[in-house]
Amino acid sequence: MKDWHNLQGAAQSEALLNELKGNLFEYLVAHQLSVHFGGEGDFLRRFKEMSGGRAYADLKDYQSWLRSVDPDLYSRLPVLAKDVANHLIDGDFANAHKSVKTKDFKVHHINVLGKSGAVSGQESFKEADILLETNQGDVPVSLKLCKTGAFVNTKSGGIRSFIEKYFSHFPKAKEYQSELNDFLEQSFTQMAEGLYQWADIDSSDEMIDSGVHGKQFSRAWVERGYSELPGELESEARTFLFHHYHRVIGRMHVIFKELIEQDRELFGLGLAPLVGMGLEQMIQVTCFHKEVKGERYHLASLKSYSWADFQEDLKSLELRELQEEISSFEIGLGARRLQIRVKPMNKFTVCALKVNCSLKGE
């Protein structure tokens, strides 16, 4: 079992909690579906055999850890999972897949993909967390669990390959990616020089080449006792970092604008996986929870999103104006907003950034 009790700061603990509750939630929803469709024994056997038993062992560790750090969440997850399973059974399968006839709908196997099943080689199912093998074809399901009113994370990827990966249908995708990477390094260098001056570090100290992630601060930064985590920077120093984020997201905004102007249809194709719709058959279900009388994780609402919904939203696609001094911009999609935001992979002292995509209804 991982040493989860010696994490660096609240941010890492929160990130771990979110990951583990997601893995548990996927399993619990899949289990509920297997009970309904009469395949519980098959589901449990297949899950225990997954990855040579590793997935099952990890799940037991997750349960034990979560029970100790957040017993409220641990006790409420099965309740929310049952709500989601019933929501799918009562309409989503038929609504998202018009060919499905509920009375003739036979489920042969239910598989947990997600992070716990990533080692099973199921990358072709994109953002799916659960896969139902049925007599009417495969049905991939993407699950989201978040606080009511929040943005729902749909995709995250490294900035140094982001444009080329998701907008590869555009002839100039590689050119745009190269341009963005050059701009990223220039902005990173500008930030580093500002922070070096602030910290009274000799700017002649050469930055380190970290390989795939690009440049990295010289060793002098850590040797002087300064943190590499954004949340631990002094407020004055954070200004240099925030200006870096804003410059980079501004460059991405320009590229997105040019792509939309070149071909809205191709742009929509690239946008699909960013909203969690990498497959036309995907059913995306978001379970929003709220606090009731001091008790957390009570069901607030269940929202579904399908390929048909996405295609309808694309008709009103709108790249919204870039706001000052922030690290994100938004794309309007009907009654929804897709937020594109840049943030550090972990340490801000490394050039590479992460691009986070998240969706919110209005």
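Where is the place of Leu73? Leu73 sits in helix H4, which covers residues 71-96. Helices here are DSSP runs of type H or I with at least four residues, strands are E runs with at least two, and both are numbered from the N terminus.

A quick word on ground rules. This is a predicted model, so local features need pLDDT of at least 70 and side-chain atom pairs count only at pLDDT 80 or more, while totals for chains, interfaces and linings use all residues. Residues are numbered from 1 along each chain as its sequence is written, and side-chain values use heavy atoms, leaving out hydrogens and water.

Back to Leu73: its C-alpha atom is 8.3 Å from that of Lys21, although the two residues are 52 apart along the chain. Leu73 is also one of several residues here that count as buried. Buried means under 20% relative accessible area, exposed means over 50%, and partly exposed is in between (1.4 Å probe, protein chains only).

| Residue | Relative accessible area | Class |
|---|---|---|
| Leu73 | 0% | buried |
| Phe256 | 0% | buried |
| Phe329 | 2% | buried |
| Cys287 | 0% | buried |
| Cys357 | 0% | buried |

Now for the rings. The structure holds 18 aromatic pairs. Rings of Phe, Tyr and Trp (its six-membered ring) pair if their centres lie within 6.5 Å; planes under 30 degrees apart are stacked, over 60 edge-to-face, and the rest tilted. Take Phe256 and Phe329: their ring centres are 5.3 Å apart and their planes meet at 75°, so this pair is edge-to-face. Phe256 belongs to helix H8 (residues 235-262) and Phe329 to strand S10 (residues 328-333), so the pair ties together parts 73 residues apart in sequence. Elsewhere, ring pairs join Phe188, Tyr196, Trp198, Phe217, Trp221, Tyr226 and Phe348 into a cluster.

H8 has a helix partner too. Its axis and that of H6 (residues 173-199) come within 9 Å and cross at roughly 165° (axes are lines fitted to C-alpha atoms over the stretch in contact, with angles from 0 to 180 degrees between N-to-C directions).

How many disulfides does a search of the whole structure find? The count is zero, with a disulfide being a pair of cysteine sulfur atoms within 2.5 Å. For Cys287, the nearest cysteine sulfur belongs to Cys146 and is 8.4 Å away.
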